[in-house]
Structure formats: structure tokens, C-alpha cells
Amino acid sequence: MNQVNIVAEMPLETVVAEYTPVRSHSDAYQSEAMLEAEFIRQLIAQGYEHVNITSEAALIENLRYQLARINDMTFADTEWQRFFGTCIANANEGVVQKTRRIQEDYVQTFKRDDGTTKNVYLLDKKHIHNNRLQVINQYAVESGTYKNRYDLTILVNGLPLVHVELKRRGVAIREAFNQINRYQRDSFWSGSGLFEYVQIFVISNGTNTKYYSNTTRELSVKEAAGAQKTKKTSNSFEFTSFWADASNKVIADLVDFAKTFFAKHTILNILTRYCVFTSDELLLVMRPYQIAATERILNRMEISNNYKKYGSIDGGGYIWHTTGSGKTLTSFKTAQLATELDYIDKVIFVVDRKDLDYQTMKEYDRFEKGAANGNASTRILTRQLEDRDEKGNPHTYSLIVTTIQKLIVFITKNKTHDIFRKRIALIFDECHRSQFGDMHTAITKAFKNYHIFGFTGTPIFAANSSSGGNLFLKTTEQAFGDKLHSYTIVDAINDGNVLPFRIDFINTVKEKDGIADKKISAIDEERALLDSHRVSLVTDYILAHFDQKTKRGEHYVVKGKRLAGFNSIFAVSSIPAAKLYYEEFKSRSHGLKVATIFSYTANEEDADEGFDNDRVDKNSRDFLEAVIAEYNAMFATNFDTTADKFQNYYKDLSQRVKDREVDLLIVVNMFLTGFDATMLNTLWVDKNLRQHGLIQAFSRTNRILNSVKTFGNIVSFRDLKQAMDDAIALFGNREAGGIVIIRTFREYMEGYEKDGECKLGYIELIEKLTAVFPIGQRIIGEENQKEFIKLFGAILRLRNVLTTFDEFEGNEIITERDYQDYQGMYLDLKDKFRPEGGELEEINDDIEFELELIRQIEVNIDYILILVAKYKGSNCKDKNILDNIYAAVRSSVRLRSKKELIEEFISKVNVQTQVEEDWREFVREERDRDLQNLIIEENLKDGETRKFIENAFRDGAIKTTGADIDRILPPGTRFDGGKRAEKKQGVIAKLLKFFEKYFGVV
């Protein structure tokens, strides 16, 4: 009989290797009910049980039965009441606590009636197919703020862990997202709150299907309610994800999505293995390419273990996932799962010292206490490698995070250590950089039985390898082994996981005072490029266009601080260039916070600079000392150029750039790789970049933040066009140029064709707007009103892009006053279709308002007070000024809530009015009176309420969750039939209205 050697026995792939859609096209109309029925049929065919549960009582009874089944037990009635009340439906727990229970505390210790203790499993994460999958539909909720009926929910052992919301084909998928938000606001929390256990949401219109985590949904609702309303991060619709196969081909159709994402092994793997509950209590659900990469590495480890290929690159490989696509999360999950393999003694996660940020350390330390301490000193690393705790007692460290520098020191000092003979998985973060030199060779020579893996956004191929060095260690493949999975910049932009780039090549600057354009030409000679006059002209350009490029008209709140727009990095060619530009900016009056950092680098080819300032020439080091002294004065810090303090300067500066406390950072090489800052949107370039260095530098700008940040801005003062094309061809594909780079100014103005579809330009849209909806005429009828909303929304989106083009100034077509009037009409309709605190009618689900794009350009209270002062200056007779004031207020998202306040103040203005002083006094009096009335009307606790409001104005948001809101409410009982919850929601609504009226007016 033939014998077969098993190479590796692995569970089914979570992400299918390649998927071919099987759906047959039909021209027949498909209603939402038909779509739902088809989806259920598909799930039943895949082994799901369809159960008729439409009420909470039936849901709880089923949960009791399913938990008893998986735990091979029977709950007595008294036991079930205690277990359900304390371990499942604790009234004091919300989404965060329930998410932690599913992700971490899924084994509940329960004391039974007979005094014995039983471990009750909510999920079996070790043997996933022991879990029972059920599907319910049309579940009815009667006890929420509004009655709701949910489309479909997937129960796992009776708990609702995945929720699906459907819309019929032809309806925007965003409507399903918005509907889930309303359910969260109105009813998920109601009754026993079981729907707060949902971990993953799926939205579909049949044609397109996406998924996202409960964190995205919950925080999106909070933002919409005002808790974080002016800053959208990973909680907005932009962060919903498509499912795909391992070749990154999107699986969008609902039936195809059901066949793959909802395959039993796939959905159970996602829920039990591929979710990460972070130290910030956010649930991250991994994307398909991240899961595929993780499983490719684990599979390679299995094969190399069975074939004994460890100890060489045959037992390793590398993952090519473009910068900004979440490599750190993927590598973290890979390291975590690798520790579970019984033949792996230890996993060592290796980073460069500049890349180990605080957040990464927190995540690893949370997974294994002390895991990230190995980077602190070689002594700690040695102790952890020898499995000893701080007191010298035995303690197993299955995962250790260390810097490559500390690891090399350990290897140098411990050449015959026992660790080198153990089975070690080495995982390198950002492996395109320093791991190709002597350090890499030393590591692979020291460890005898290693599996080695690297993650990179820009691999080193033969085409972009250096000319010198070891001939056998020039490329990523030579250093780490085969490419196991790729997700290119083109894939990421197509999926909406990173932003495209918009690039301006500035070879000339429009001169004042008759200076010739050629003075700023991007000439190759470095001496000419650093000519003081050219440096001055480049600085002129940056200062003239800084607000435009970084969108300083947009305001949002971060960590209680109200910020405007984004910030930027200025990459220059050398340390002398950094010095010249820093001094030039310092000599100007501009109000920007400018910083710089540089250090020794061996040559221009190096991607990084180190922290060794002893090798920087004395003049440059003295200059850097002076720069850091100015930074210390600016931020009350205490850094200098000595090794340890300079590293701390780097870390502090990094955090302040991320927090938008630094406006412009001048760098040579530092910060151009491996640095993630979502609030950074612009890179100014006055250096020659190429290949992986160019893509890495450009990618500092393209992290997704919100709907206003539509692309990464690159402003180049050198001719990098060919270098850019070459880099995109290498790291995307040769047809990728039109995908990675956004379109031209002319195309956005005049229109263009995309995928055979004609996209209208700004000119034609404005012509249609003014012809169909002229100023001064009411828009009659719901269909006409919806058409106006869609048309003006399209104009808002186009203007958001066009305003970053220099050519748009003077080509706006309509006047600012007319634009304000149209914006006012748009917001009036918003108030009609989405009344404050009211339920959205089903017929209006397809309306999506671009409110963030309005906030980008709207006026503020200072502007209004300037107009009021002008009105006073006209002896209160110029009615045109009043019209301008009212138009500005109507066109502003923020000022509309203050409309009555502004109008009442204007009615009191006379020739004796001191506008600013009287306005402040007027607002204080009105605010005190309104707050006193609110306290009396709602019987709130006076002192606690006033403190609560003070904190809200300090933090820039009303805190609607937690104990603070409960402290201000009047006394009540827990058994009042839900009246206290209703009272609480009413108070929150009034507090939000009060806050909106008075926040930001003084």
C-alpha cells in the first residue's frame, strides 16, 4: 500500500485562497424581504440552524439551553437566574464589559446551588466547531426608546454575536450603517441588553457587503450624539471593511459573502482568533489580508517544523503589506498565535529602537505581563530569555519584545547561551531597513533553530537594492525567505484602507516684486538648491499655502483640545539644509510651531538616522542643542543631544506631532519611515527621493482620519515625477498611476470618465445647481429636496478636493454669499429630514448629509462679532450687514444651535454697545439662567450638575456614559418600569442642546 507523508495538517483556511463568484445574474426585481430569505437559505445550507425567535423571552430561553448544551450541564431555575443576572445580563455593564467577556473572560466561574464550582464556557475557543450557530430574523424590540425590528442576527451558543442589516439592491449601503447606529441609540441596550454582546456588524445592499466591529458602531453613535462629534476616527463609515480572498479580490455580493465570511469555520475563527481587544478597550476585527498573512506564517512554521527546515530562511518568509495597512496588528496577532504552538519555546518580536512606541508596548505587555520590558535594558532581556522574573524566580516568558540593538548586545555578550539552541520564532517589524547588515547576520548565526519572518511595506527587490554590501543579503527575500503574502498600495487604496496621494510639483513660485520665476527652479546642484534666495522663496511658498494644504479651517476636538486642521513634515536633503530652513522659518512671523530633528547618517542611501550625536560635526550639534533648547522652552521639557535624552526628545517630538501640537517638522531622514500620525496630511519635499524611500515618505500622509482628509498632500520642490512613476510601478503595478495619484484640477472642474461612467465636473454641477434650484425659490416636494441634497453634497465633496489646488482660487464660479445661502438651504433640509432627537422616517433613509465638509469651511463666532461691530459702526442702519450675519449663521453647522442667542444679542445692539465685552456678559447671563431653569425643570442636583457642565466645557464634550451623568439625576429606584432610563435619556438630550448652544461662544 502506498504511504503518504503529511506535510502539515492545518485547519481550514479562514480566508479562502481564491474565490470565483457563483451568483447567476438576474434582471428580476429583488425586495429586501427576498434578499433576506435568500441569505437565510444560504446559511441553512451551510449548517446554520434557523430558529424562530422574535422576543427577548424566547432569546433568553434559547440561551439557557445552548449554554447548558455546550457545558454538558443543566441549570436549575435558581442557578440560571443567578448566572444570567451576574454573568450575562449585569445591569451595570455595557458594550465594553460584554466585549471583554467574549474576548477574554469567556470562561465564567460559577458557584452552583450545591456549593460546587463550575467553569461555564460561553465559547469553546479551543474546539471551535463545538459552538452552535443559529440565525434569527425579524427580532422585535418593544422596550427601547422606539420600537424596532432587526433584520438578521447570528447566535453563537445562544448569544447574539454577529448582526446583519440589509437594504434592497440599489439603495446605498451606508443606510444600513446608519440604521444600526439608530438601533444602538434606541434599543440594543434595552431589556437585558443582550444585543450589546454583538461583536461584529455586517451591512449589505445585496451588491456590496461590508463588516466592522462593535467599537466602530458604538463610538460612531457617540460621535453623532455629540460626545466626540467633531472628530471622526476609526468609528466612521470609512472604516468598514470589505471581505476578500487571499489574492485581495473583494467578495462583495451578499451570497458570495455568505459562502465565505459566514462559512462556519471562518466566522468562528474570526470571533475566537482574529479579534483584538486593545488596551484602550477597542475591539479590532482583522481584515482579510491580515488574517491571510497570519495564517501563511503559521502554515510555513508547521511545514518547516515537519520537514525540519528551521534554522534557515527555508523556514521563514516575509509579508509585504503596504505602509498604513495595519502591519503592527498583524504581527502582534501572529506573535500571539505562534506562542500557542507546542514546538515553539519562545517568540521574539524585534523592532528598531525608534519604532517601539508606547501603544505597541502596552498591547504586548497586556498580552503577557512584562513582555515589552526586554527593550528597556539588556539585563532585563537576558533575564526574560532565561525565564526568570524580577526576583529571580522561575517565570516563563513565551513572548518577548526587544529592539534589534538590545538583541545584538545580548548576542555579543552571551555567545554560548542555551537560548540559541531552543526553537525560537523571530518576527521582525519593518524589515526593509536595518536588518540587512551585520546585525541580521549576527542574529541568524547565533540562533540555531529559528523560524524567521519579516513584515514590510516596501520590500527590497533587485531593482531597488543597494550597490554595495553582502551580495547574498541584498533583498528582502534573501534575508527572510519567500514572499508569503502581499497587499500593495494599489490594493489598499482600492479598498479604502489608505488614502491616495495628491502631488504638486513646484518648480516655480509666483513672485512678488518682480522676482523671476527661474530663481526657484529645482536645479540638481545642491549648492544652487541651498542658495539663500531659493530657501527664502520655498519658505514663502510653504507659508503662503500652509493653511490651504493643511485645511486649517476645519476644527475638531482631540483629548479635550479644540484643534484646527492637520499638520505637516518638511523633508530636506541634508543637515545643512535643515539648519538653513529652520533659521529661515524662525526669522519669519507666522505663528506656527516649527521643530526639527536630525542625527548622524552614514550616507544618503540610509533610510534612517541613529541617535549617535557624537558623530555629528560640532557646528551641527551646537545648532541641534539650540533647537532643542527652543523646543524645551516651547513645551516645558528638558532634553539635549546626549544619547538617552536625545532618544527621549525623539519620543516626545513624535507624540507631539501625532497630537498636532507641532505644525511643521523639518527632517532629513528621521520620521520618513515607520511613523504613523493620522492628523498629518502634508509632506513638503526638498530632497531627492526614490523607490522604497519615496513610497515610505509619501505614506506618512495617507492615514485615514475623517471625510475631510481625502488624500495625502505631497508638495515637491524637486522634479520627482519619474522617480514617483518608477516607485509606483515597483510597489503597485505598472497601471497603478491613475489609482494612486488623484486626478488633475481640470478633470475635477470639467469632469472625467471612470470605469465607463461619466463623472460630472464642478462647472457642470454648479450650472445645474443654479439652473434647477435658483437662490430665493423654495424647493417644493420631497423628491426635489432629495435631489438638491444629493447635488449639493456632490458639490461639497468636489470643493473639498478643489480647495487644495492653487488654481481654484478665483474660479469658484458662484459668490461666497450665494454659496452660504445654498449651504443654509442644505442645513434647513437636514433639520427637516433629521430633526434633533427625532426618529428618521424610513422613506428618508437614503439621505446622507456631508456635515463634516461644511464644518471645514464654516464661519465662527469671532467672524460674527466682527460683522456685528460693523453693524454697530453703521449706526445700526445697514441691513445688508444683518443679512450677511443671518446667512452666515444659517450656513454654519455649529452656529445654527446659537441662532436664537445671536439674534437676541443683535436686537439689543445700539451705538453705545461694546460688542465683545457686552457679548460675553450677555452669554454669561443667558447661560446661567438657562442652566438654572434646566436644573429646576428636571429636578437635577444643583452642585453636581454645575460641576458636570463645567467639565463638559473644559473637555469640549458632554459625557453621556458612565457614573457622572447618573450622579446629577434625582433619586429613583431600579424597579421603576424603565422610567429612570427614559428620564435619563430626556436629560441627556436637554444637556446636549444646552451644551451646543453655549459651547465655543465665549
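Trainee: How many bridges join β2 to β3, and do the strands run parallel or antiparallel?
Mentor: Strand β2 (residues 107-111) and strand β3 (residues 117-121) run antiparallel and are joined by 5 bridges. Strands count as paired if DSSP finds at least two bridges between them. Helices (H or I, at least four residues) and strands (E, at least two) are DSSP runs, numbered from the N terminus. This is a predicted model, in which local features need pLDDT of at least 70 and side-chain atom pairs count only at pLDDT 80 or more, while totals for chains, interfaces and linings use all residues. Residues are numbered from 1 along each chain as its sequence is written, and side-chain values use heavy atoms, with hydrogens and water left out.

Trainee: Which residue in β3 is the bridge partner of F110?
Mentor: F110 has K118 as its bridge partner. The two strands form a hairpin with 5 residues between them, and G115 in the turn has a positive phi of about 90°.

Trainee: Which residues of β2 are on its covered face, and which on the uncovered one?
Mentor: Q108 and F110 make up the covered face, whereas V107, T109 and K111 make up the uncovered one. In a regular strand, side chains alternate between the two faces of the sheet.

Trainee: Changing topic, what is the order of the open sheet with parallel pairing?
Mentor: The order of its 6 strands is β17-β24-β23-β20-β22-β21. β17 (501-505) and β21 (594-597) stand at the edges with a single partner strand each, so one side of each has no neighbour in the sheet. From one strand to the next, the twist averages 20°. Angles here run from 0 to 180 degrees between N-to-C directions, and axes are lines fitted to C-alpha atoms, for helices over the stretch in contact.

Trainee: Which helix packs on that sheet?
Mentor: Helix α21 (residues 643-658) does, touching β20, β21, β22 and β23 (680-686). The direction of α21 makes about 140° with that of β21. Contact means heavy atoms within 4.5 Å.

Trainee: And how many bridges join β20 to β22?
Mentor: There are 4, between β20 (residues 567-572) and β22 (residues 664-667), which run parallel. A571 stands opposite V667 in β22.

Trainee: What is the order of the open sheet with mixed pairing?
Mentor: That sheet of 6 strands has the order β1-β4-β5-β6-β7-β8. β1 (49-50) and β8 (209-213) are at its edges; each has a single partner strand, so one side of each is left without a neighbour in the sheet. Strand β6 (residues 159-166) pairs with strand β7 (residues 200-204) in the parallel sense over 5 bridges, and E165 has I203 in β7 as its bridge partner.

Trainee: Which residues have the most contacts inside the largest nonpolar core?
Mentor: They are F83, I88, F261, F262 and M301, in a core of 105 residues. A nonpolar core is a set of buried Ala, Val, Leu, Ile, Met, Phe, Trp, Tyr and Cys residues joined through side-chain atoms within 4.5 Å. Buried means under 20% relative accessible area, exposed over 50%, and partly exposed in between (1.4 Å probe, protein chains only). Helix α9 (residues 288-306) supplies the largest share of this core, 6 residues. A second, separate core has 99 residues, including L473, V498, I569 and A677.

Trainee: What is F262 in contact with, leaving aside its neighbours within four places in sequence?
Mentor: Its contacts include F39, L43, Y48, I154, V162, V164 and V202.

Trainee: Is Q66 buried or exposed?
Mentor: Q66 counts as buried, at 2% relative accessibility. Q66 lies in helix α2 (residues 56-70) and, neighbours within four places in sequence aside, is in contact with R132, Q134, N157 and G158.

Trainee: How many residues of α5 are buried?
Mentor: The count is 11 of 13, so α5 is largely enclosed by the rest of the structure. Among them are F177, I180 and Y183.

Trainee: Last topic: at what angle do α26 and α27 pack?
Mentor: Helix α26 (residues 762-772) and helix α27 (residues 782-802) pack at about 145°, with their axes 10 Å apart. In α26, residues including L765 and L769 meet residues of α27, among them F788 and L791. Of the 21 residues of α27, 15 are buried, so α27 is largely enclosed by the rest of the structure.
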